[in-house]
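Here is a short tour of one model, taken topic by topic. Please keep the sequence and the 3D view open as you read.

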Amino acid sequence: MKHQNKLSGIASAILIGTFFWSLAANAEVGSEPKNSARHDRIVGLWDVQVAIANCAGGPTLASFPALHKYETGGTGQVVPGSNPARLSAHMMVWTHLDGNDYLSRFKMFRFDASGSRVGWAILTSEVSINEEANEYHGTGISEIYDNDGNFLSASCPSFTGTRFTAEP
């Protein structure tokens, strides 16, 4: 009987601890928890048009299509519709900011015409999706580094996209 009461106390403590741990694990600072309906609305594949500009203003330097894939859990991939010999796959992390707004960061490696790696780029952007979650737009900054991590330059891309779906 003495052991049974002790085991019941231990079991109760474990259940109470598990309850409070699950509350803490699911808590998020801000108005919308990670499991809210809005958090994962960006998840999926997006057909995106990218325009690259000088951050000081001026005309568009380059424009190309891309695919942006946002995965559940805050990771993703980007496939630019540009010369694949010059850039590696773009790997992404993203987070929900609030409402329809998201922050993402991509990293890609850069190569010269001979195929030698010459550095990398990190692009940080904010995108907003519409209420129907089928269109988005955003802006960012792309920072270019050499192989030693020295900052070389920056450009400011903008994005417009539509959700790519199985329906034609």
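## A residue to start with

Does Thr60 count as buried or exposed? At 51% relative accessibility, Thr60 counts as exposed; the cut-offs are under 20% relative accessible area for buried, over 50% for exposed and partly exposed in between, with a 1.4 Å probe and protein chains only. Thr60 lies in strand S2, where strands are DSSP runs of E with at least two residues, numbered from the N terminus.

Leaving aside residues up to four places away in sequence, Thr60 touches Ala51 and Ile52 (contact means heavy atoms within 4.5 Å).

## About the model

This is a predicted model, in which local features need pLDDT of at least 70 and side-chain atom pairs count only at pLDDT 80 or more, while totals for chains, interfaces and linings use all residues. Residues are numbered from 1 along each chain as its sequence is written, and side-chain values use heavy atoms, with hydrogens and water left out.

## Aromatic rings

The structure holds six aromatic pairs. Rings of Phe, Tyr and Trp (its six-membered ring) pair if their centres lie within 6.5 Å; planes under 30 degrees apart are stacked, over 60 edge-to-face and the rest tilted. One of the pairs joins Tyr70 and Tyr136, edge-to-face at 6.1 Å centre to centre with 85° between the planes. Tyr70 is in strand S2 (residues 60–71) and Tyr136 in strand S7 (residues 135–146), so this pair ties together parts that are 66 residues apart in sequence. Tyr70 is buried at 2% relative accessible area, and Tyr136 is buried too, at 3%.

Tyr145 and Phe151 also pair edge-to-face, because their ring centres are 5.9 Å apart and their planes stand at 70°. Here Tyr145 is buried at 16%, whereas Phe151 is partly exposed at 49%. Ring pairs also link Trp46, Tyr70, Trp94, Tyr102 and Tyr136 into a cluster.

## The largest pocket

The largest pocket has a volume of about 490 Å³. It is lined by 23 residues, and Ile52, Phe64, Leu87, Met108 and Ser142 lie nearest its centre. Strands giving two or more residues to this lining include S1 (44–53), S5 (101–111) and S8 (151–163). A pocket is an open set of points on a 1 Å grid over the protein atoms alone where a 1.4 Å probe fits, with protein on both sides within 12 Å along at least five of seven lines; lining residues have an atom within 4 Å of a point. Points are joined across faces, edges and corners, and the volume is the space filled by probe spheres set on them.

How values were computed
Helix = DSSP H or I, 4+ residues; strand = E, 2+ residues; numbered from the N terminus.
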